[in-house]
Amino acid sequence: MPSLDRADPVILGHILQEHRELHGLLRATREAITPPSGGAPAASRQNGCERITQALCELRNHLAEHFQQEEDGGFLEESLARLPRLAAEAQHVLAEHPALLDEVDRLIKQSSGGDIPATGWATLCRDVDQFATRLLDHERRENRVVQQGYNEDLGLADD
Ligand SMILES: [Fe+2]
Ligand SMILES: [Fe+2]
């Protein structure tokens with residue numbers, strides 16, 4: 001069994017740290033959509049939109065950098081070197097980045113448009129929530145690729 005070299009905990013630690021930060025930003029985004037579902041008054045919708053825009057912009061900045069780091073190599077590459085059969089899955093996950101950034105841009109536009117009607121508010125909340133779920137799913141599959149790469153290399157895999 002190959003031994004774990006010194007770089008591994010550093011790389012894994014970095015991913016975990018990055019993803020923890022991302023989860024924090026996602027939580028803030030979700031919190032921004034919590035208050036008013038049915039019947040929110042216009043002023044409170046306006047407030048909510050501002051909070052959502054702010055949270056989404058912070059998330060967007062983080063994501064752009066995070067995706068860039070992932071694409072520039074480093075952790076996924078490391079997993080692939082260990083288990084080439086993960087290549088297709090890793091490529092698939094990385095290929096989702098542009099669409100995710102497009103979606104967050106679209107949501108920022110949607111939330112920063114100023115005065116929105118109650119129906120627009122409900123749609124925005126639903127869309128933001130769906131985006132958060134989609135992004136979490138992306139990160140989960142990414143973690144799985146990395147973990148498989150390391151675990152199987154160490155003989156820790158279940159299957
Ligand atoms: Fe990613
Ligand atoms: Fe990621």
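Author: The model is predicted, so local features need pLDDT of at least 70 and side-chain atom pairs count only at pLDDT 80 or more, while totals for chains, interfaces and linings use all residues. Residues are numbered from 1 along each chain as its sequence is written, and chains are lettered from A and ligands numbered from 1 in the order in which they are written.

Reader: How many helices and strands are there in the protein?
Author: There are six helices and zero strands, in the order α-α-α-α-α-α from the N terminus. Helices (H or I, at least four residues) and strands (E, at least two) are DSSP runs, numbered from the N terminus.

Reader: Why is F131 called partly exposed?
Author: A residue is buried if 20 or more other C-beta atoms lie within 10 Å of its own, exposed if 12 or fewer, and partly exposed in between, with C-beta atoms placed from the backbone. F131 has 19 C-beta neighbours inside 10 Å, so F131 counts as partly exposed. F131 lies in helix α6, residues 118-153.

Reader: What is F131 in contact with, leaving aside its neighbours within four places in sequence?
Author: E103, V104 and L107. Two residues are in contact if their C-beta atoms, placed from the backbone, lie within 7 Å.

Reader: Why is E71 called exposed?
Author: E71 has 12 other C-beta atoms within 10 Å, and therefore counts as exposed. E71 sits in helix α2 and, beyond its neighbours within four places in sequence, is in contact with L94 and H97. E71 and L94 are 23 residues apart in sequence, and their C-alpha atoms are 6.9 Å apart in space.

Reader: What makes G113 exposed?
Author: G113 has 12 C-beta neighbours inside 10 Å, so G113 is exposed. The loop between α5 and α6 holds G113. The C-alpha atoms of G113 and Q46 are separated by 9.8 Å, at 67 residues apart along the chain.

Reader: Why are α2 and α5 called roughly antiparallel?
Author: Axes are lines fitted to C-alpha atoms, for helices over the stretch in contact, and angles run from 0 to 180 degrees between N-to-C directions. Angles under 35 degrees count as roughly parallel, over 145 as roughly antiparallel, 65 to 115 as roughly perpendicular and the rest as oblique. The angle for α2 and α5 is about 165°, with axes 9 Å apart. The two helices are therefore roughly antiparallel to each other.

Reader: Which residues of α2 meet α5?
Author: Among them are C49, I52, L56, L63 and E71, and the α5 side includes H97, L100, V104 and S111.

Reader: Which residues touch the most other members of the largest nonpolar core?
Author: Of its 16 residues, these are I52, L56, L59 and V128. Two or more residues each come from α1 (7-33), α2 (42-71), α5 (97-111) and α6. A nonpolar core is a set of buried Ala, Val, Leu, Ile, Met, Phe, Trp, Tyr and Cys residues joined through C-beta atoms within 7 Å.
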